[in-house]
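Please open the model in your viewer and follow the stops below in order, making each selection before reading what is there.

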Protein chains: 2
Amino acid sequence: MGPEGPSPALIEDGRFFLPGPTEVHASVLQAQSRPLISHRGSEMQALWARLQEGMQGVLGTSRPVWISTSSATAMMEAAVRASGAERVLCLIAGAFSRRFARIAEASGLVVERLEVEPHQAHAPDEVAEWVARVGPDLVTMVHCETSTGVLNPVADLAVAIRRESDALIVADSVSGAGGLPVHPEAWGVDFFLTGSQKALAVPPGLAFGVVSPRFVDRARQNPARGLYLDPLVHLEAQRERGGPMTTPAISCLFALAVQLDRMESEGLEERFKRHRKMQADVTDWMRHLRSSGLEVERVAADPFASPTVSVLRLPPRLDSDAVVRGLAPSGYAVGRGYGEWRDGQIRIGHMGDHTRAGLGGLLEALTPAFRSPGSTA
Amino acid sequence: MGPEGPSPALIEDGRFFLPGPTEVHASVLQAQSRPLISHRGSEMQALWARLQEGMQGVLGTSRPVWISTSSATAMMEAAVRASGAERVLCLIAGAFSRRFARIAEASGLVVERLEVEPHQAHAPDEVAEWVARVGPDLVTMVHCETSTGVLNPVADLAVAIRRESDALIVADSVSGAGGLPVHPEAWGVDFFLTGSQKALAVPPGLAFGVVSPRFVDRARQNPARGLYLDPLVHLEAQRERGGPMTTPAISCLFALAVQLDRMESEGLEERFKRHRKMQADVTDWMRHLRSSGLEVERVAADPFASPTVSVLRLPPRLDSDAVVRGLAPSGYAVGRGYGEWRDGQIRIGHMGDHTRAGLGGLLEALTPAFRSPGSTA
């Protein structure tokens, strides 16, 4: 039971454990079959106000939330391009943090990369040292690296950066926000972003951005911000019209509204606790397997393990295809490793509306693959 | 009956006649309540292939179709930014063609504007003259200007432009494609774009782009194309993976697949004829009103009237609020005039799955407003 009333029906028998898109509750999917409304009328304004208020809660901010019809990659680009920055330091430890560097290069910026091993989080002191040496006007980081399941200490990193520099700080919390507490303002993040299809458990199609006054000031000096990826014009439209600048993915907005009700009904604190417990359940399950002499470990070191996604290193003789194929008859889906780790890792998205009961079912279904002869090194 | 078999159930009693988003058939909306799938698996590849083939048919092209999760405004920006153009000529006759100029300016291009009266289409000779004088490397135009209901002769304009210049040609067919025949290749358009929520009658959230080899060549020389609005990286992902580059609006893709089936079942030719007939029905209705001494006229001159959206000038003493309010009890919705024409015009979107029967109901419901004492000048 959440503190606000009866717990909403979560997904007790989930099967779809990708690290995104995650499984979406039937009632949220069903909201997308509602007839459309005008994107300029009073009904949209009421919906928009509801979404604003709800997303401010989820994103731990009192700032207006830019609700964009796009994937979160577009928000990453918006942060980089609109900022007007010329020299960016990208903190890299996996595929999505690396994408920032690709976007920045494709946008004509000078890019410096601080790469750490993919099982590690970034260390504030090292980051501070790099910032002092490189002199960036923008620093990008990924809060929860979906490719590795590593959680970065965004607040500590931001403090370290600000100690050395007034560079703008961008944090991608795509698989974080909605699954754990986030505080862009208190953390000192200038552009905080996420997407709809991960820990929010809403269908993909929406992305969210929160910008600081500092970001707005810097962006104003950039005359070539474009339109669709310019937070300023969207936030201005929201302020003036109480709605979106262009026609949004209206059906996704309906889904988000239903999901915000459900999240608030469970209570955000309860939701975050549930995610931490699912993470612990994976840890316990791995310990149990290892106590039987089986090999399995989380890529992320314990202090940095994400509560929303666990990336597991497979034993040498077990590959991700075998795991995925082994699960298929029971209807379970997990992700393969990302990119270069495709074969040797699997990724379990225990986020959104998934429950300990549902995750328990998955882990039980996963166990035989690890026990199979091929898997004992 | 369409040539391919039984006519699909269209919307015979439509009420939602906005010029976009338009009314979406219940079966298409319902497709959005399907459980999500991975954006990287074989199911997505099969879906993507289906959408490609279907959209190639609708867009009259054999080129790959960039399916973007965004509004069509993002495609307009993609055309302008990715092209690498420095000097753009914007053909303007309404709000959406003007948006191209705003985007180009916000992207740092030098912008020249050829503006004609909003009831007019652009004249090829005048355009050719401007192209010769201005020397643009990009020309933007809107095929069907949703703010005025004027259809531009894209093919003739493109011929005129090419006579004078090798400027890239961008055509926005947001409320055109899906409602009338389009031929980006035969017309010589280098970047042809549309959105999902107009004549395609799919919920908003998707936009589509078709680029010419000439556009690709020019864009390759632009090192600062970014990522999300770069057609080249998306088309490359489609080629290499048979799917999207980033997580798309999956529920909207489901809706599009169902709608393509329905469109093909009716037959595109039948669909286009139906739109022309709805346009003629509006013409006949206006003629009937005028024969009773009532004032009403289409903004667009007859040869340039769009088959998908009719914008009507109201009598001086009737304003759009009164019309919209008058319709509300019967559940009908039409659009007010766009921007500066908000009060003095209404816009009827007779597009997508709307039928002559449904439109007839709307026109009948509209008639009393024109007959009311306040409306006789």
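Select chain A and chain B together: in this predicted model they bury about 3,700 Å² between them, 62% of it on carbon and sulfur atoms, where buried area is the accessible area (1.4 Å probe) that two parts lose on being put together, summed over both. Within chain A, highlight A:Leu36, A:Leu227 and A:Tyr228, which supply 16% of the area that chain A buries against chain B, more than any other three residues.

Next, select the residues in contact (heavy atoms within 4.5 Å), and you will have 49 residues from chain A and 49 residues from chain B. If you look for polar links, 19 residue pairs are in polar contact between the chains, both residues at pLDDT 80 or more; such a contact is a pair of N or O atoms within 3.5 Å, and within protein one must be able to donate a hydrogen and the other to accept it, while residues adjacent in sequence count only if both atoms are side-chain atoms.

Now colour helix 1 (26-31), helix 3 (72-82), helix 4 (95-106) and helix 10 (250-266) of chain A, the elements that give two or more residues to the side touching chain B; helices are DSSP runs (H or I, at least four residues), numbered from the N terminus. Helix 4 of chain A gives the most to that side, with 5 residues.

Residues are numbered from 1 along each chain as its sequence is written, and chains are lettered from A and ligands numbered from 1 in the order in which they are written. Local features need pLDDT of at least 70, side-chain atom pairs count only at pLDDT 80 or more, and totals for chains, interfaces and linings use all residues, while side-chain values use heavy atoms, with hydrogens and water left out.
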